[in-house]
Amino acid sequence: MYRYLEHEADIGIEGIGISLEEAFTEGAKAMFNVMCEINTVKSKVPVKLFCSARDIETLFVEFLNELLGKAGIENMLFSKFEITIMNSRGHLELLGKAYGEKLDQNKHGIKTEVKAATYSGLRVKKRDTKYYVRCVLDI
Amino acid sequence: MCIGYIGDIVGEITVKKISEYVYEIPKMEDMLVPGRIYGNKGIIAHLVDDLKAGKEWNALKQIANVACLPGIQKAAMAMSDVHPGYGFPIGGVGAFDIEKGVISVAGVGFDINCGVRTLRTTLKKEDVEKKKKSFAEELFRTIPAGLGSTGKIRLTKDQIDEVLVKGAEYSIERGYGIKGDLNFIENNGKVKNSDPGVVSDLAKRRQFKQIGTLGSGNHYLEIQYVDEIFDEDAARIYGLEKGQILISLHCGSRALGHQIGTDYLKELHEASLKYKIPIRERELVCAPIQSEEGQKYFSAVNCGTNCAFANRQVLAHLARETTSRVFGIDETEIETFYEVGHNTAKLEKHSINGKNKELLVLRKGATRAFGPGRKEVPREYRKIGQPVLVGGTMGTCSYILHGTQKGMDDTFGSAIHGAGRNMSRMQAKKTWRAEDLLKDLEKKGIIIRGHSFSGISEEAPGAYKDATDVVDVMHNSGIALKVARVKPLISIKG
């Protein structure tokens, strides 16, 4: 599950899940749904993902920016994500795959470009049994 | 949690009226300077309401946070188009001591050197009215815009490196432009100290197909006419007259700039910890200007700045070619009036306590607005001061102002860049349907051609402050004075 948070210029996103991985991938869906109608994007082609960070908060931003970079280079949109988060010698690493297809202006209900995921409003929280991860996207 | 991040100011932020259009956030806690906001009653009330309502992202808190950054001079400022950003507010200006100051990604933004180019034409409003629809179609066809669009020029890695050093000159060498264009671009379309070696391969690869593309969000290309002249003398010097057709475009450094911001956000995060700089908002991560990290980032920003210059040069020339073809006029009849960036980091000389001092000025959604006599202003305009290009909304109007000595003294020669939003994109989408907006604007004689319906709703004129209100604050406070108001006839959106 994901939701959007009001920001006067840009937009805040929040991914919610029963694991950190699920919350992260929900956040990624929120981001791609800002760019297009995510339910029109078929999860056909896998693209490998890797990023690392010193803490879980910045790992979330790294993850989103890794996706923006891959989407830009490959001219793709993504709708499905499989990731694993690991501890590696004091750093956190994220490994996995994003699935999507080539961007098609006529098919994907194109909305707006996301310039970057920012550290603004960046937060990772566990409440009861769920994880909540959020940040502001620069539109 | 990183060590550098200590959270927002905890005390209650207050706003004090200094004069009719100038407000202050008095120094508190570890603010090194006060905050200063240019606004009227309504603009300030909106900011105070947001703060009282506990809105997480509010501009007052952001101004106070910026005022805590090491080396900041005089005041953390916001122009009258102020609204919340990330780290810095939009409309934000911060000038930093070169020795003790810091440089931050948030003070420049991800769209490095996003800005506006305006071209002057020999066409009149009546000329465009006759062919408005077909002209709009031609522009829509020839100006690449929207998510995933690609430009006509494909660059290799070596060519990208050339762009990062040469800026607008590169585009002209490739045939996109006329020599005279460079004279009327801020910094003549090229900044020094831009080492392509500090820009990642990823940033360069993302740009291979993106030179000469408009992007999306609030970016646009507009065909405008001069609706009113406020200052005849200044207008004469600027070559503007009532009814004249202008071409304006708003865009930035595209994916290359975005990726530089992304790469250095991580690097400056590490630097903030290494140099133990306390950070009030995570996005304000920064490095001392003189540190290795700070110098590298500044050089990367200069690369992004040159990329934006090159990009706008290509787009300006595409618009020139299309206009010349549609109306059968010579390309030389479409001259660059001026171009100015509004997401910038610049080394500039300013007077501090009567002494001329070099400072690093960060403008986030604010333009440079240099006054008369400054050597940075093109010779032709120097007597009156630099043109300040204020992009309004797609349905209302834009303004052309000129810089003043008062602006040099009070705001480090800075002014507003646009109308400034006053409603979130989510709220705008709930409030307006794109189809209705397009019909309403067409009734007013404005044709909008966009690549995305939701993009059009988000950019509804009603989601912005009244441009006239925001401009009047600049004019009445003497920071930048009104020369002309222009209105759109055609707007191409991403």
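Predicted model: local features only at pLDDT ≥ 70, side-chain atom pairs only at ≥ 80, totals over all residues.
## Chain A at a glance

Residues are numbered from 1 along each chain as its sequence is written, and chains are lettered from A and ligands numbered from 1 in the order in which they are written.

The C-alpha trace of chain A spans about 45 × 35 × 25 Å along its principal axes. Chain A has two helices and eight strands (DSSP runs: H or I of at least four residues, E of at least two, numbered from the N terminus). From the N terminus, their order is β-β-α-β-α-β-β-β-β-β.

## Where A meets B

Here 32 residues of chain A are in contact with 46 residues of chain B (C-beta atoms, placed from the backbone, within 7 Å). On the chain A side, helix H2 (56–74) and strand S8 (130–138) each supply at least two residues, and H2(A) gives the largest share, six residues.

## A helix pair in chain B

Helices H9 (residues 254–274) and H10 (residues 292–327) of chain B pack at about 170 degrees, with axes 9 Å apart (lines fitted to C-alpha atoms over the stretch in contact, angles running from 0 to 180 degrees between N-to-C directions). H9(B) and H10(B) are therefore roughly antiparallel (over 145 degrees).

Note on methods:
Contact = placed C-beta atoms within 7 Å. Parallel < 35°, antiparallel > 145°, perpendicular 65-115°, else oblique.
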